[in-house]
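This report describes the fold, the surface and the charged contacts of one protein. The sequence and structure come first.

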Amino acid sequence: MEERTYKIMGGAGALNLAFGVVIMVVGIAGGVLLVISGAKLLAGRNKILF
């Protein structure tokens, strides 16, 4: 019984680690894209008025 619990905890820990890494990468990439698109919008704002 204890061995089964040990294996389940190990698998859950590995899965949580993998999901954590994926979410961090997606979050960082999304943040970078938002910053770039915001900068482009602010830079293009002057072209609309003049």
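Is Lys-7 buried or exposed? At 57% relative accessibility, Lys-7 counts as exposed (exposed is over 50% relative accessible area, buried under 20%, partly exposed in between, with a 1.4 Å probe and protein chains only).

## Basis of the model

The model is predicted: local features need pLDDT of at least 70, side-chain atom pairs count only at pLDDT 80 or more, and totals for chains, interfaces and linings use all residues. Residues are numbered from 1 along each chain as its sequence is written, and side-chain values use heavy atoms, without hydrogens and water.

## Fold and dimensions

The protein contains one helix and zero strands (DSSP runs numbered from the N terminus: H or I of at least four residues for helices, E of at least two for strands). Helix α1 covers residues 2-49.

The C-alpha atoms fill a box of roughly 75 × 10 × 5 Å along the principal axes. The radius of gyration is 22 Å, whereas a compact globule of 50 residues would have one near 10 Å (taken over C-alpha atoms; the globule rule is 2.2 Å times the number of residues to the power 0.38).

## Surface

Of the 50 residues, 0% are buried.

## Salt bridge

A search of the whole structure finds one salt bridge (a side-chain nitrogen of Lys or Arg within 4 Å of a carboxyl oxygen of Asp or Glu). It joins the side chains of Glu-3 and Lys-7, at 3.7 Å from N to O. Both residues lie in helix α1, four residues apart, about one turn of the helix. Glu-3 is exposed, at 56% relative accessible area.
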